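Let's take a friendly walk through the charged and aromatic side-chain contacts of this protein. Have the view ready and follow along.

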Amino acid sequence: MSTFDETEAIYVRELGIDDIAPVYHLGESLFTSDLYPYLYRTWDEWEVIGLYNTDPEYCLVAETDGELAGFILGTIITKASWTYGYILWLGVSPKYQRRGVADKLVDKVVARMIEDGARFMLVDTDPTNTSALKFFSRKGFGNTRQHIFLSMNLSKHEYYGRLIDYEHQKAERADYKRSRPAIRARKADSVANEVVLNPLANESPITEEQSPT
């Protein structure tokens, strides 16, 4: 089912299989590690594919003139007597920002979640994303809570250094083994080995005259 705004010509519809790649690439350009290096959820193709498989009714795209303008990915969480609607990702193409795309996407997914029994909405964002904070506050989200995420640069950890040294030594040993010439057994040695393995092979057979009585 699609909705249409005659003033801005923006359609909102469910995510289709052909939208997965365009949505992924738009998200890849928006949710970069440079902007959000400590975001606990990382953007990748499995975010789109996973939610498309599990919660297709809460995965919507906005388009205009056949071009992707934005998307929203959400899910429903049920715990005890509470049912939560959770907006996981909301992205709008820079070309279509400030044209009401995000408003239409959020309004549509909230309406669907209310129809499906959600009585509480959740959304999170990086605390430095002031534009997102202002937007969601304007949409009625409040009661802000902050999580503290601690980070560690593992490239400076002592075990990381030991592991790198071990891998280098392992590679050097492998290169050394490949560079050594193959050692072939000499013919005499091979014959000697045959004698050892079968000591009676070259002996004359024992005749009845020779056999002990």
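Does Lys-95 count as buried or exposed? At 55% relative accessibility, Lys-95 is exposed. Keep in mind throughout that this is a predicted model.

## Salt bridges across the chain

Because Lys-95 sits in the loop between strand E5 (82-92) and H3, while Glu-67 belongs to strand E4 (residues 67-79), the pair ties together parts that are 28 residues apart in sequence. Glu-67 is partly exposed, at a relative accessible area of 32%.

The structure holds 7 salt bridges. Another of them joins Arg-112 and Glu-14, at 2.8 Å from N to O. This pair links distant parts of the chain: Arg-112 is in helix H3 (residues 101-115) and Glu-14 in strand E2 (residues 10-14), 98 residues apart. Arg-112 has a relative accessible area of 13%, so this residue counts as buried, the cut-off being under 20%. Glu-14, with 34%, is partly exposed.

Where does the side chain of Asp-19 find its salt-bridge partner? The partner is Arg-13, and the closest N and O atoms are 2.7 Å apart. Asp-19 is buried, with a relative accessible area of 13%.

## Aromatic pairs

Now to the rings: the structure holds 9 aromatic pairs. One of them brings together Trp-43 and Trp-89, whose ring centres are 4.9 Å apart. Their planes stand at 75 degrees, so the pair is edge-to-face.

Phe-136 and Phe-141 form another edge-to-face pair, with 5.4 Å from centre to centre and 80 degrees between the planes. Phe-136 is buried at a relative accessible area of 9%, and Phe-141 counts as buried at 19% relative accessibility.

Notes: Residues are numbered from 1 along each chain as its sequence is written. This is a predicted model: local features need pLDDT of at least 70, side-chain atom pairs count only at pLDDT 80 or more; totals for chains, interfaces and linings use all residues. Side-chain values use heavy atoms; hydrogens and water are left out. A salt bridge is a side-chain nitrogen of Lys or Arg within 4 Å of a carboxyl oxygen of Asp or Glu. Buried means under 20% relative accessible area, exposed over 50%, partly exposed in between (1.4 Å probe, protein chains only). Helices (H or I, at least four residues) and strands (E, at least two) are DSSP runs, numbered from the N terminus. Rings of Phe, Tyr and Trp (its six-membered ring) pair if their centres lie within 6.5 Å; planes under 30 degrees apart count as stacked, over 60 as edge-to-face and the rest as tilted.
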